Amino acid sequence: MIWWAGERDGVTLPALDREVVGTVATAQADAALAGVARRDGFGLLLEGEAWKAQLGPGHGLRTASFEALEWVRAGERHAPEAWSAGECEDFAEAYVDAQVRRGATLLVTPGHDGVARRDVELAELAAEHVRAKALREPAAGDARAVRRELYASVRVRVDRVDVAELVDAYTSVDVDGFVVWASGEVERLLALVDGLGVATGRPVVVAGAGPFWQLALSRGAAGAVHGLGDGVYHGAVLGSVGDEVTLRRLFMLRNCDCGAHDASTPPRGDEEIRAHDLWWAMKEARWACLPDTGRAMFTLTLRAAAAKTNRERLGLAPLESGWRVLVGEDEERAEDDGGA
């Protein structure tokens, strides 16, 4: 797992399970964590979030720290589809160099919205720059001598692209792997992940896949970017619950062994909720990272069926549609194993 450390999520790096988390990710604009991550021996991914620059200059997501990034044209809306060859080259190089300066070990190419073909071209230019400047070599003064890698960011809505064509376009790009920031129909998302892995033989990491990162990992994806979400998570329902009455019923029905709170009652306050949700995230990752993908998928299928049953008992909304890959709408209710 690549742990997404939000600027205010309050998770300290020593709390992460080193058996499943090897790299920490954060936004380039919030890179204060970078030095701590490297000091503690984690790899570091600094996501530039290039798509934000496609928003209008006054948009709330274009914060002052984002506008200050070297590759951002402050006060302008980026339109990469209209850039000249020279502008593309300058942008790709600046985007990579900003990560190198801040200590990233897992470099990524820029990912935009709605310009998948241009992102392939930018990935090719970034790869040429990394190769020409020998940026895979360890940073000067890095006591751990960690070699950098370059992953292509594949940011798409899978229902708006030809997955086979996109996979084919990336096969010749000189990158070490892929980070897939995809949304849309889960079956097509998984087809993209599987297709890239099979066609290139390189690792594929899923990101931005909502609750389906466990599914991708269980199927054999090389990794997943994941962090703390909203609400109180419980594996027995494969999701978070916000309603207080339902939360109490859930924890009475399925006790929690995280140790951060009484097993039969929900966590209270930010500190307990953070510790509880982090424990579950690490546990979900260990389940999904079983070395035998067949066993991992079998385990997740049983848990999804149990979660469906638990959600029906509690009157919760059905599992999100993507889980139908494992649990069909008409499948008989499975025996409840508690999701643990």
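Visitor: Which helix gives the largest share of the lining of the largest cavity?
Guide: Helix α10 does, with four residues. Helices here are DSSP runs of H or I, at least four residues long, strands are E runs of at least two, and both are numbered from the N terminus. This is a predicted model, where local features need pLDDT of at least 70 and side-chain atom pairs count only at 80 or more, while totals for chains, interfaces and linings use all residues. Residues are numbered from 1 along each chain as its sequence is written, and side-chain values use heavy atoms, with hydrogens and water left out.

Visitor: What makes a space a cavity and not a pocket?
Guide: On a 1 Å grid over the protein atoms alone, a cavity is a set of points where a 1.4 Å probe fits but cannot get out. A pocket is an open set, with protein on both sides within 12 Å along at least five of seven lines. A search of the whole structure finds one cavity of 30 Å³ or more. The largest cavity holds about 40 Å³ of space, a volume being what probe spheres fill when set on points joined across faces, edges and corners.

Visitor: Which residues line the largest cavity?
Guide: Gln-214, Ser-218, Glu-284, Trp-287, Ala-288, Ala-296, Thr-299, Leu-300 and Arg-303. Lining means having an atom within 4 Å of a point. Two or more of these residues come from each of α7 (213-218), α9 (269-288) and α10 (293-314). By class, four are nonpolar, three polar and two charged. The nonpolar class is Ala, Val, Leu, Ile, Met, Phe, Trp, Tyr, Cys and Pro; Asp, Glu, Lys and Arg are charged; the others, Gly among them, are polar.

Visitor: How many residues line the second largest pocket, and which are the closest to its centre?
Guide: The second largest pocket holds about 250 Å³. Its lining has 14 residues, with Asp-113, Gly-114, Arg-155, Val-156 and Arg-157 closest to the centre. Strands β5 (149-157) and β6 (177-183) each give two or more residues to that lining. Its classes are six nonpolar, four polar and four charged.

Visitor: Why is Glu-49 called buried?
Guide: Buried means under 20% relative accessible area, exposed means over 50%, and partly exposed is in between (1.4 Å probe, protein chains only). Glu-49 has 13%, so it counts as buried. Glu-49 sits in the loop between β3 (43-47) and α2 (64-67).

Visitor: What makes Ala-134 partly exposed?
Guide: Its relative accessible area is 43%, so Ala-134 is partly exposed. Ala-134 lies in the loop between α4 (116-132) and β5.

Visitor: What is the phi of Ala-134?
Guide: Phi of Ala-134 is near 55°, a positive value in a residue other than glycine. Phi of Glu-49 is also near 55° and positive. Most residues other than glycine have a negative phi.

Visitor: Which residues is Gly-208 in contact with?
Guide: Leaving aside neighbours within four places in sequence, Gly-208 is in contact with Trp-181 and Ala-182. Contact means heavy atoms within 4.5 Å. Gly-208 is in the loop between β7 (204-207) and α7.
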